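User: I would like to learn how to read this model. Please start with overall size, then take me to a sheet.

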Amino acid sequence: MAIYTKEEAKKILEKALSFSKADACEINLSGSNSGNIRYARNTVSTAGHQSSQSLVVQSSFGKKVGTATIDEFDDASLEKVVRRAEELANLSPENPEFMQPLGPQTYDESITYVEATANTTPEYRAEVASQSIVPAAAKDVTAAGFLNDGARFSAMINSNGLFAYNKSTNVDFTVTMRTNDGTGSGWVTRDYNDISKFNASEASNTAIDKAVMSKGAQAIEPGKYTVILEPAAASDLLRNMFGSFNARSADEGRNFMSAPDGGNKLGQKIVDERVNIWSDPLHPDVPTSTWNGEGMPLKKTSWIENGVVKNLAYSRYWAEQKGVDPMPFPSNAIMAGGDESLEDMIKGTKKGILVTRFWYIRSVDPQTLLYTGLTRDGTFYIENGKIKFPVKNFRFNESPIIMLNNLESLGKQVRVDGNLIPYMKIRDFTFTSLSDAV
């Protein structure tokens, strides 16, 4: 399937909209092409290509809404799916929170599409696998990884005159390296819009080195430690915090941003004053679409400024209830960092633990954002500015809010899952027990 141009997508959407007899109609069109390769036990196991397309019609009569989907775009099919959405709308109960579709909007031109990524070949994917498997085997390590690259487009139109279009590319890579004696493990993740920024050899060798370094881990007592969190580990906890920037959940007393006396924590200082978090769809390292699923424009927005809650996300419905302007949810998260490298942070640590990543994270208390989970794939003891030895994995109980109030220092930013997160040194991080998992 082709990635439709703006003009091609608009033509299909306008034809579908022309069949509408509803009071209001919104139609979304999307499609993607992607390729992948997977390997395990130092052998490629699967490789493939996927292509998909979809058109979704939402029709409404008053506050009664119906939705139908189709993947054929000839005139007869387009009319069929519109009629089906209207039939379902007439059968549906009223939605008391229904909002009329937005009118025409103005959007910034996104920077999410890179032609080189869209043109990734099977030969390139095979070479990525080779750059993991060959050096792993040479060091008595077994590689298991997955590379997925793709291009996609999204477009929407509605009966109130709105039209939006975006196309994007992405490449995502993860690899786990295990020593063949079963005692060491290393892991790396990389993601980019521009595949030219991806270095498969660098990523794979980083994971191999961690696997070899983590062989024969020693047990040390659980407790409170200074930790250096690599960006992937920090992101694992922070993404749960980002989900709390929801004004409605806060106003209704359902999340961390709820104020004890009612309302929310907008304007309150909640973390260290060095913490600054914002979103920006036009950031060159983590670009996103410049509009969201409702067609609302996305702009650079500050969420935490010098430790203070600067904004909360308001849906159109909740904004209307509260008499404020809507504020779309962030499309990415960017946290300000510092100039220190990981090596610098280790050199400046008298006693602490380096954490590669967390996994199996579960909520303990949503009101305090307390989470529990495990370290994994490379956990190391630091003493007098040097990594002394690998340690057995821990279970932790920690809140990202407490973590960001116990901030020692911030290092360089790294892209993780479409966000920019810095290395962090945190004091008094709580490890509660040991884990035998590698």
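Analyst: Start with the radius of gyration, taken over C-alpha atoms and compared with a globule rule of 2.2 Å times the number of residues to the power 0.38. For 438 residues a compact globule would come near 22 Å; the protein has 24 Å, which agrees. The C-alpha trace spans about 70 × 60 × 35 Å along its principal axes.

User: What should I know about the source?

Analyst: This is a predicted model: local features need pLDDT of at least 70, side-chain atom pairs count only at pLDDT 80 or more, and totals for chains, interfaces and linings use all residues. Residues are numbered from 1 along each chain as its sequence is written, and side-chain values use heavy atoms, with hydrogens and water left out.

User: What percentage of the residues is buried?

Analyst: Buried means under 20% relative accessible area (1.4 Å probe, protein chains only). Here buried residues make up 51% of the 438.

User: How many helices and strands are there?

Analyst: Both are DSSP runs, numbered from the N terminus: helices are H or I with at least four residues, strands E with at least two. The protein has 10 helices and 17 strands.

User: In what order do the strands of the open sheet lie?

Analyst: Two strands pair if DSSP finds at least two bridges between them. The 6 strands run β3-β2-β1-β4-β5-β6, with antiparallel pairing. At the edges, β3 (64-70) and β6 (185-192) each pair on one side only.

User: Which residue in β5 stands opposite A151?

Analyst: T169 does. Strands β4 (residues 141-158) and β5 (residues 163-179) pair in the antiparallel sense over 17 bridges.

Methods. Buried < 20%, exposed > 50% of the residue type's maximum accessible area, 1.4 Å probe, protein only.
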